[in-house]
Amino acid sequence: MVDLPKLELSKLDLPGQWERITADWAARGQDIADELAKRVKQESRSFARREQKLERSARGWLASPSGRVAGAAVLGFVAGVAASGARKVAMQGSEALAGDWMAVLKAEHRLAEGLFEALLKTTARQKTRRAALFAKLSYALEKHALQEEMVVYPALKETHVDGMAKHLYADHADMKILLHELAETSKDDPAWIERLRALQACVAHHVSEEETDVFPRFHGKMSPQQNTKLTLMVHREGLKLA
Ligand SMILES: [Fe+2]
Ligand SMILES: [Fe+2]
């Protein structure tokens, strides 16, 4: 069993603390990655067992008269409890192992592009499929935007690549307005697919600016330690919505 380094985010700014942790990670990179992958698997298995147990006890209580009254509420609670732990680890785990904030964000761009392609292949008669894919796309874009808005864009100023920050925030605002309009439009309305194309164009332009200009310049100006710290912060932010 490998001892994982302890990460206390509130103490990362103490002198020497971050350097010690990153040196330790660098020296033991592969065994730590293996251990993290193993733990994600273990957590996923124990999550499935816990979810079944919670569901059984909730169903037993629902069979009673008082249980029936609050049925919807308790099922919502069970779902919330189950979603709060291991699922987060499993959702963010593979990204954490990617090891670099720019690689993580680029992988998320590819994921969104794939979802756009899948959505554009649907017809107006496939309302359910459209709704399911659109829910995935909304979640992917919102989680991605949170990571960039809370971590990467504010940090641009540290390396004087901050001229683009406001522009990138404004692109995200356009994207969120289009997401809202799409959510409000019926999935079989001809306007829906046109709005989706508008959102795809908006995201494609924005992604191109990030990948060909802002991110490589920013990444290149930061030290390996700063890039590693940023990766951890992106990962922590992503866990909030995972
Ligand atoms: Fe962005
Ligand atoms: Fe992005």
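User: In which helix is L230 found?

Analyst: L230 is found in helix α10. Helices (H or I, at least four residues) and strands (E, at least two) are DSSP runs, numbered from the N terminus. This is a predicted model, in which local features need pLDDT of at least 70 and side-chain atom pairs count only at pLDDT 80 or more, while totals for chains, interfaces and linings use all residues. Residues are numbered from 1 along each chain as its sequence is written, and chains are lettered from A and ligands numbered from 1 in the order in which they are written.

User: How many helices and strands does the protein have?

Analyst: There are ten helices and zero strands. Along the sequence the pattern reads α-α-α-α-α-α-α-α-α-α.

User: What span should helix α10 have, and how far apart are its end C-alpha atoms?

Analyst: The expected span of a helix is 1.5 Å times one less than its number of residues. Helix α10 has 18 residues (224-241), so it should span 26 Å; its end C-alpha atoms are 27 Å apart, which agrees.

User: Is L230 buried or exposed?

Analyst: A residue is buried if 20 or more other C-beta atoms lie within 10 Å of its own, exposed if 12 or fewer, and partly exposed in between, with C-beta atoms placed from the backbone. L230 counts as buried because it has 20 C-beta neighbours inside 10 Å. The buried residues of α10 are K229, L230, T231, V234, H235 and G238. In the protein, 17% of the 242 residues count as buried.

User: Which class do T228 and H167 fall in?

Analyst: T228, also in α10, is partly exposed, because 19 other C-beta atoms lie within 10 Å. H167 lies in helix α8 (residues 165-184) and counts as exposed, because it has 12 C-beta neighbours inside 10 Å.

User: Which residues does L230 touch?

Analyst: Two residues are in contact if their C-beta atoms, placed from the backbone, lie within 7 Å. Not counting residues up to four places away in sequence, L230 touches W101, V151 and A155. For the protein, 68% of the contacts with a separation of 6 or more are between residues 24 or more positions apart.

User: What are the C-alpha distances for pairs that are 130, 127 and 39 residues apart in sequence?

Analyst: L230 and D100, 130 residues apart along the chain, have C-alpha atoms separated by 8.3 Å. For T228 and W101, 127 residues apart in sequence, the C-alpha to C-alpha distance is 7.7 Å. For H167 and H206, 39 residues apart along the chain, the separation is 9.5 Å.

User: Which residues of the largest nonpolar core touch the most other members?

Analyst: In soluble globular proteins, nonpolar side chains tend to be buried together. A nonpolar core is a set of buried Ala, Val, Leu, Ile, Met, Phe, Trp, Tyr and Cys residues joined through C-beta atoms within 7 Å. The largest has 13 residues, of which W101, V151, V152, A155, L230 and V234 touch the most other members. At least two residues of this core come from each of α6 (101-120), α7 (127-155), α9 (190-221) and α10. The largest share, four residues, is supplied by α7. Apart from this core lies another, of ten residues, including L119, L141, L182 and L199.

User: At what angle do α6 and α9 pack?

Analyst: Two packed helices are described by the angle between their axes and the distance between the axes. Axes are lines fitted to C-alpha atoms, for helices over the stretch in contact, and angles run from 0 to 180 degrees between N-to-C directions. The angle between α6 and α9 is about 165°, and their axes are 11 Å apart. That makes the two helices roughly antiparallel, a label for angles over 145 degrees. Residues making the contact include F116 of α6 and V203 of α9.

User: Which residues of α7 meet α10?

Analyst: E142, K143, L146, Q147, M150, V151, V152 and A155 in α7 meet α10, where the partners include L230 and V234. The axes of α7 and α10 come within 9 Å and cross at roughly 145°.

Conventions: Angles under 35 degrees count as roughly parallel, over 145 as roughly antiparallel, 65 to 115 as roughly perpendicular and the rest as oblique.
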